[in-house]
Amino acid sequence: MPKELSDEELADLRETFDYYDRNKNGSIDIRELDGLMESLDVELTPDQLKVALMSLDADGSGVIEFEEFVDWWSGR
């Protein structure tokens, strides 16, 4: 069972999310996800990037919202 995140941890995640949300629309799209992966030294092909986005996009909206990002980043 995953632990609950503290307010400080959530604030840190929000800061990270907002940094990669380059167009500031409240979500991370495939281009922004590519930038995030590059910063983690993870090179993905375009097909791998699509699969990664689909696996992180729990609601099928085509983008990663903050809650989805938190779940992924915190290993939930």
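V42 sits in the loop that joins helix α2 (30-39) to helix α3 (46-56). Helices here are DSSP runs of H or I with at least four residues, strands are runs of E with at least two, and both are numbered from the N terminus. The model is predicted, so local features need pLDDT of at least 70 and side-chain atom pairs count only at pLDDT 80 or more, while totals for chains, interfaces and linings use all residues. Residues are numbered from 1 along each chain as its sequence is written, and side-chain values use heavy atoms, with hydrogens and water left out.

V42 is partly exposed, with a relative accessible area of 31%. Buried means under 20%, exposed means over 50%, and partly exposed lies in between (1.4 Å probe, protein chains only). With L40 and W73, V42 forms a nonpolar patch on the surface. Together the three have about 240 Å² of accessible area. That area comes from the Shrake-Rupley method with a 1.4 Å probe, and for residues only the protein chains shown count as cover. Patch members have over 30% relative accessible area and no salt bridge; nonpolar side chains (Val, Leu, Ile, Met, Phe, Trp, Tyr) are joined within 5 Å, like charges within 9 Å.

D41 lies in the loop between α2 and α3. D41 is exposed, at 71% relative accessible area. Its phi is near 60 degrees, a positive value in a residue other than glycine. Most residues other than glycine have a negative phi.

K24 also has a positive phi, near 55 degrees. This lysine is found in the loop between α1 (7-20) and β1 (27-28). K24 is exposed, with a relative accessible area of 55%.

D21 is placed in the loop between α1 and β1. Is D21 buried or exposed? D21 is buried, yet has no salt bridge. Such a bridge needs a side-chain nitrogen of Lys or Arg within 4 Å of a carboxyl oxygen of Asp or Glu. K24 is the nearest side chain of opposite charge, 5.9 Å away. Lys and Arg count as positive, Asp and Glu as negative; His and the chain ends are not counted. Beyond its neighbours within four places in sequence, D21 is in contact (heavy atoms within 4.5 Å) with G26, S27, I28 and E32.

E68 belongs to helix α4 (residues 66-73). E68 is buried and has no salt bridge. The nearest side chain of opposite charge is R14, 11 Å away. A polar atom of the E68 side chain lies 3.0 Å from the backbone nitrogen of D59.

Technical notes
Polar contact = N/O pair within 3.5 Å; in protein donor to acceptor, adjacent residues only side chain to side chain.
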